[in-house]
Amino acid sequence: MALARDPGAGQEHKDAADQNFDYMFKLLIIGNSSVGKTSFLFRFADDSFTSAFVSTVGIDFKVKTVYRNDKRVKLQIWDTAGQERYRTITTAYYRGAMGFLLMYDITSQESFCAVQDWATQIKTYSWGNAQVVLIGNKLDMEEDRQVPTEDAQRLATDLGFQFFEASAKDNINVKQVFDKLVDVICEKMNESVNGDASPSANHKEAGLKETPNSSPGGCAC
């Protein structure tokens with residue numbers, strides 16, 4: 001698995017490696033086959049890109065630690081297969097996910113038309129407060145664009161999703177997508193702690209880990 005380099009690793013090793021974080025978020029990358037989900041994950045986790053990827057079989061994941069406002073946030077990022085025959089496998093992983101990266105290919109109208117169906121699956125199989133970013137991938141192929149930016153932005157607004165266009169190949173908006181998703185999750189966590197307490201059980205169920213010294217206000221991202 002790809003772990004982020006810890007800038008404080010040379011200073012202390014008192015925590016076990018798997019405990020060296022303040023929060024843990026489970027994220028899923030979903031969307032039709034061949035929209036670039038695996039390439040997007042590898043660009044973010046390993047800063048690498050290859051066009052030789054074959055279709056993901058079932059589901060795979062990587063781990064990366066990011067730093068938001070002096071907090072270590074461990075991301076467990078699941079890369080799901082887009083093919084219909086794997087759907088019953090992948091939807092089993094929706095439960096407990098705190099965030100989704102719903103991806104389409106800007107050069108494929110078919111992949112964009114499927115966004116609504118994927119959004120329905122999120123609503124059906126995930127917990128109610130999961131956050132979603134809609135991503136139009138393959139921005140490096142602008143000359144082959146089939147999906148106007150305005151159409152995607154309108155759909156994202158209607159669905160209540162954040163929206164980015166990105167390119168795993170050219171490393172455009174990859175880090176920004178994950179940063180935004182983490183920030184939105186943190187904001188919703190704080191709202192839950194400060195407002196209705198009922199969603200907090202879902203946060204624990206989703207893999208949220210609070211260190212003994214963490215503030216009572218939830219995620220301080």
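Two strands are taken to pair if DSSP finds at least two bridges between them. In this predicted model, strand S4 (residues 99-105) and strand S5 run parallel and are joined by seven bridges. Within this pairing, tyrosine 104 stands opposite glycine 136 of S5. S5 also runs parallel to strand S6 (residues 162-165), to which four bridges join it; here valine 133 faces glutamine 162 of S6. Between S5 and S6 the chain passes through helix H5 (residues 149-159), and this β-α-β crossover is right-handed.

Strand S5 (residues 131-137) is largely enclosed by the rest of the structure, because seven of its seven residues are buried.

Six aromatic pairs are present in the structure. One of them, formed by tyrosine 94 and tyrosine 125, is edge-to-face, with 6.1 Å centre to centre and 80° between the planes. This pair links distant parts of the chain, 31 residues apart: tyrosine 94 belongs to the loop between helix H2 (87-91) and S4, and tyrosine 125 to helix H4 (residues 115-125). Tyrosine 94 is buried, with a relative accessible area of 0%, whereas tyrosine 125 is partly exposed, at 44%.

Ring pairs also link Phe40, Phe44 and Phe178 into a cluster. Lysine 64 lies over the face of phenylalanine 44, at 5.4 Å from the ring centre. The charged end of lysine 62 is placed over the ring of phenylalanine 42, 4.6 Å from the centre of that ring.

Terms used
Residues are numbered from 1 along each chain as its sequence is written. This is a predicted model: local features need pLDDT of at least 70, side-chain atom pairs count only at pLDDT 80 or more; totals for chains, interfaces and linings use all residues. Side-chain values use heavy atoms; hydrogens and water are left out. Buried means under 20% relative accessible area, exposed over 50%, partly exposed in between (1.4 Å probe, protein chains only). Helices (H or I, at least four residues) and strands (E, at least two) are DSSP runs, numbered from the N terminus. A crossover is right-handed if, with the strands pointing away from the viewer, the path from the first strand over the helix to the second runs clockwise. Rings of Phe, Tyr and Trp (its six-membered ring) pair if their centres lie within 6.5 Å; planes under 30 degrees apart count as stacked, over 60 as edge-to-face and the rest as tilted. A charge sits over a ring if NZ of Lys or CZ of Arg is within 6 Å of the ring centre and within 35 degrees of the ring normal.
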